Amino acid sequence: MIGRTSTGSHATSKGSASRFLLALAGLLGVLVFLGLGIWQLERRVWKLDLIARVDQRIHAPVVDAPGPRDWSRLSAPDYEYRHVRLTGRFEGGANTLVQAVTELGGGYWVLTPMRGDRGFTVLVNRGFIPQERKAEFEREGGGSTTTATVDGLLRISEPRGGFLRSNDPAANRWYSRDVDAIAKARGLTDVAPYFIDAGASEPAGWPRGGLTVVTFRNSHLVYALTWFALAVMLAIALARPIFAGRRKRDAAR
């Protein structure tokens with residue numbers, strides 16, 4: 001009798017410990033889900049502020065493209081999509097064609113260096129060309145003896161390459177607008193750490209400017225509600241055995 005009682009008590013104690021650990025893990029899960037939901041709400045506030053700031057920059061009066069004194073403090077949160085202007089001459093040499101997919105289909109961005117009248121060089125994304133125009137713009141010198149003015153949006157360099165594809169300067173294959181790598185490959189000096197997306201051009205001509213996509217995915221509220229819903233469902237699953245046990249005890253009295 002003594003041995004049986006001891007074994008039964010041990011099994012009961014072991015079962016209670018397992019239930020306690022399971023409940024503790026469930027409570028931790030609830031806290032994690034709540035934390036993720038709160039984090040998504042904070043991200044939503046940040047994203048809405050970013051959208052408002054970018055919209056304000058795009059529609060603000062045009063300003064001169066930042067010069068060397070400002071380069072060290074350039075950052076995407078503070079400068080990306082500013083409406084800027086640069087006056088100078090397009091330099092000779094090969095264009096840099098960067099693979100792109102736009103509303104017009106697959107093709108390339110045409111990047112040409114412009115030597116500004118303030119003594120520094122900026123890569124200008126003159127716009128998009130379709131696949132069948134590639135050979136034409138590879139042959140084009142890109143240079144000009146006349147002064148031109150470019151109005152467009154300031155964009156921060158895109159280093160290393162595109163998704164799953166690295167830039168290959170030696171083979172002249174470009175998947176992102178990596179200013180530093182392009183400048184080195186073309187032997188350019190005094191190059192700004194940004195490029196300019198040129199504004200809209202004549203609809204019948206190439207390259208086709210003004211195709212910058214300025215949209216930001218903002219699904220943070222949906223994600224937050226999902227995490228909160230998971231937290232509520234897990235909390236209900238944890239509470240159900242507790243209330244069931246109370247009902248059994250109340251019925252037994």
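This note walks through the fold, the cores and the aromatic pairs of one protein model.

1. **Ground rules.** The model is predicted: local features need pLDDT of at least 70, side-chain atom pairs count only at pLDDT 80 or more, and totals for chains, interfaces and linings use all residues. Residues are numbered from 1 along each chain as its sequence is written, and side-chain values use heavy atoms, with hydrogens and water left out.

2. **Overall make-up.** The protein has 6 helices and 9 strands. These are DSSP runs numbered from the N terminus: helices are H or I with at least four residues, strands are E with at least two. Of the 253 residues, 32% are buried. Buried means under 20% relative accessible area, exposed means over 50%, and partly exposed lies in between (1.4 Å probe, protein chains only).

3. **Surface and contacts.** A contact means heavy atoms within 4.5 Å. Among contacts with a separation of 6 or more, 66% join residues 24 or more positions apart.

4. **The largest core.** A nonpolar core is a set of buried Ala, Val, Leu, Ile, Met, Phe, Trp, Tyr and Cys residues joined through side-chain atoms within 4.5 Å. Which residues touch the most other members in the largest one? They are L86, V122, V150, Y194 and I196, in a core of 17 residues. Two or more residues come from each of β2 (83-90), β5, β6 (148-156) and β9 (191-198). Strand β9 gives the most, with 4 residues. Leaving aside residues up to four places away in sequence, L86 touches A65, M114, G116, F120, V122, A148, T149, V150 and I196.

5. **A second core.** A separate core holds 15 residues, including W109, L123, A183 and V191. In soluble globular proteins, nonpolar side chains tend to be buried together.

6. **Strand pairing.** Two strands pair if DSSP finds at least two bridges between them. Strands β2 and β6 pair antiparallel over 6 bridges. Here T87 has T149 in β6 as its bridge partner. Strands β6 and β9 also pair antiparallel, over 5 bridges. There L153 is partnered by D197 in β9.

7. Is N125 buried or exposed? N125 sits in strand β5, and at 2% relative accessibility it counts as buried. Its contacts include W109, R177, F195 and D197.

8. **Aromatic pairs.** Rings of Phe, Tyr and Trp (its six-membered ring) pair if their centres lie within 6.5 Å; planes under 30 degrees apart are stacked, over 60 edge-to-face, and the rest tilted. The count is 3 aromatic pairs. Why is the pair of F33 and W227 stacked? Their centres are 5.7 Å apart and their planes meet at 25°, so the pair is stacked. F33 lies in helix α1 (residues 2-58) and W227 in helix α6 (residues 220-252), 194 residues apart. F33 is partly exposed at 21% relative accessibility, and W227 is partly exposed at 26%.

9. **An edge-to-face pair.** W71 and F120 are 5.6 Å apart centre to centre, with 85° between the planes. W71 is in helix α2 (residues 68-71) and F120 in the loop between β4 (105-116) and β5 (121-130), so the pair ties together parts 49 residues apart in sequence. W71 is buried at 18% relative accessible area, and F120 is buried at 2%.
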